[in-house]
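The following exercises concern contacts between side chains and between chains. Each task is followed by a solution in steps.

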Amino acid sequence: MLQRIKKAIVHSYRLGVKDLLVFARDRLRLVTFVIMPIFMMVMTGYVFPNQNVLKNAPLGVVNLDQGPLGAQIILGLNQASPGQGEKLLKLTYLKDEAEADQEIKDQEINGAIVIPADFSSKIAAGQQATITTITDQSNPQISLMISGTLDKLMSDISNQMATKKVETLIPGVADPQGVINPFVVETKGIIPGNPNYFEFMAPGIMAMVIMMAAMIGLAGSVSRERELGTMDGILSAPISRLSVVVGKSFALGVRGLLQAALTLILAVLLFGVVVHGNLGIVILLLILTVFSFIGIGLIISAVSSDQETAMTIMMTVMFPMMFLSGAFFPVQQMPMVLQWISKVIPLTYSVEALRKCIVLGTGLSGMTTEVWVMLAFGAVFLAIAIPVFSRVTTR
Amino acid sequence: MNEKLPMNMIEVQGLTKLFGQFTAVDHVSFQVKKGEIFGFLGPNGAGKTTVMRMLCTLLRPTEGSASVAGFDIRKQPGRVREHIGLVAEKIILYDQLTAAENLTLFGRLNNLPEKEIGQEIDKWLGRLHMERWRNNQVGTFSTGMKQRINIARALLHHPDVLVLDEPTLGLDPQTTRAIHEFISELSQEEITVLLTTHDMNEADSLSHEIAIIDQARIVAIDTPRNLKRLVSDGDNRVMDIEVANLSEAMLSSLKKMDIIASVVETEPYSLRIRTKGENAAGAIVGAIASQGGQIRAINTMEPNLEDVFLHFTGREMRDVSTGKVASTQGRTWRKRSSRVR
């Protein structure tokens, strides 16, 4: 018995090494192996809005005001800056609201602001004045940012006015702000510095890249050898079916680890991701991610007659996983049903644990659930994969 | 271990395989003695490969039983695998590995002791004249070279049974001849060879015994000589007749004659006729002449296995493997078989 187990392990190892050797000598596959994560990282990293930074957003200005206040507001808009000497808004001066509408329709500007003719006079008379902003509904993301920026600018300007008023109304007041805004809200994170949006994205992207790499590698593994005919040679040799599955997993595990390291390096170098937690834990989580997918991948690869079918099924399985895992969009904002589905996707746990570790610096003790769930997923699917593999390989 | 092996290296009893509704192999039975070359002759899609795959434990039989080297293919598939070497239709080698690496890998998977692997590689590469290519990647080889390494791979671990599925398909005549010689040598070394082929000359020249398989059934099993005797013995003859002005009418009148078992137009104006009964040649010549036919040549032929196939199935094997209807059948069958692999 012991002898048989030893043999099975040795055979698994030999098959794994063979897979890696074949893979390492296949230049094209090697290139895609390296290119794929780079491509995915760069693409997802830059396509998604990576920071709340808006610059040179085209904004139309219609100033009908005769008094000084309209000009003051425009000056404020013009000087607004996201930092580093950049301009936040690129102003286009228009003659009336109708022209602003037309410009938005032509997509020359992403929004407009209209200062009415009686603006200065109304304020001077102590009345409330209205400024209208026109938003571009075809581009909600940018309009949201522009209106956010405008809100802030407007409240700054009206705050300045209010301060002056309070000072004249209550001479000798200690802090006019105390009258205007009796309290303020302060936001504070638990880690130093200001995490950028990519730090939220990076763990998800890393987990996803690893998943895709592992699954695509798997799609080829069994069906490729079956198509080539070499699988017959392996299956007609006196070795355990278990060895075949374990050997494949071993080779894919090694590949997954290399790709995990690559994604991590890319995340740090290209996107300035700072790993607040332990680097070892990050690597461990990435390996666990690969492990949790090997079983599923092997099952798909074994039941598909050729690589094309395997790839198609793989893609069908992967896409919902990608979007439901919370890698890009928070799970909490999804409908209840989708939230439930996301709970049975190993990627969800991988993303969550990676995010905890990278962004918040959580240690292993803070992610026991995630680790156990991934281990369980991997073990269960591998356990299913072995009999499935034996069945479909000898009908 | 060899002493324990039975007289019959392969024993097959009522072996049947269904793929859904499709019967790929229908109650096939045969025995192969130790050191014998057993040929499986039949057109594409006849079920030859399915029988091979069942014997190699790559397919599970639907019905019937079989043993290889004394081990039941259902109950002891692991033991069966220890005793077989498989050369399948697709070459079982990794293009990215060198000849030696491929052989080492499969030697190890077949539990060949580490210290013997090197010797065995030297021995087989030497015998197949491939020593020079030992450390070259298989992907750079021609099909013929690959097939030689492939055969070495199947023999490396001293199998008792070598299964060869169409070993010379698509090879050049020179390699084909070399492989034929090599296969004959093997049987002198007490290696039992199961040879699948649709090449009649290959089956004829190599096999000690031949099973003719058609449409999932074995229609005849015997030595090549006995099989041929069936079509050319006593009153039975095979002859080729060339008629310069052969017409449809002549052909159909010939087909009606009692003494003619079959007529096939092998080439334009050339007929192969199997006859039964006395003085058939005279009657045929008379019949052709009476219709104004000009006989250019007439030869009594040594019958070949093509004639045997025709005798048993009523069809020409060429028709089955290249004819339109039959080849579509063959194709659908291939699809099925690739799915189950």
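**Exercise 1. Determine how many salt bridges join chain B and chain A, and describe the interface around them.**

Step 1. Between chain B and chain A the count is two salt bridges, a salt bridge being a side-chain nitrogen of Lys or Arg within 4 Å of a carboxyl oxygen of Asp or Glu. One of them joins Glu101(B) to Arg25(A), with the closest N and O atoms 2.7 Å apart.

Step 2. On the side of chain B that touches chain A, α2 (77–82), β6, α3 and α13 (324–340) of chain B each supply at least two residues; helices (H or I, at least four residues) and strands (E, at least two) are DSSP runs, numbered from the N terminus. The largest share of that side, five residues, comes from α3(B).

Step 3. The contact (heavy atoms within 4.5 Å) takes 33 residues from chain B and 32 residues from chain A. About 2800 Å² is buried between the two chains, carbon and sulfur atoms giving 55% of this area; buried area is the accessible area (1.4 Å probe) that two parts lose on being put together, summed over both.

The model is predicted: local features need pLDDT of at least 70 and side-chain atom pairs count only at pLDDT 80 or more, whereas totals for chains, interfaces and linings use all residues. Residues are numbered from 1 along each chain as its sequence is written, chains are lettered from A and ligands numbered from 1 in the order in which they are written, and side-chain values use heavy atoms, with hydrogens and water left out.

**Exercise 2. Classify the ring pair Tyr94(B) and Phe106(B), and state whether its members are buried or exposed.**

Step 1. Rings of Phe, Tyr and Trp (its six-membered ring) pair if their centres lie within 6.5 Å; planes under 30 degrees apart count as stacked, over 60 as edge-to-face and the rest as tilted. Over all chains, ten aromatic pairs are counted.

Step 2. The ring centres of Tyr94(B) and Phe106(B) are 6.2 Å apart and the planes lie at 10 degrees, so the pair is stacked.

Step 3. Tyr94(B) belongs to the loop between β6 (84–87) and α3 (99–109) of chain B, and Phe106(B) to helix α3 of chain B, twelve residues apart.

Step 4. Tyr94(B) and Phe106(B) are both buried (under 20% relative accessible area; exposed is over 50%, partly exposed in between; 1.4 Å probe, protein chains only).
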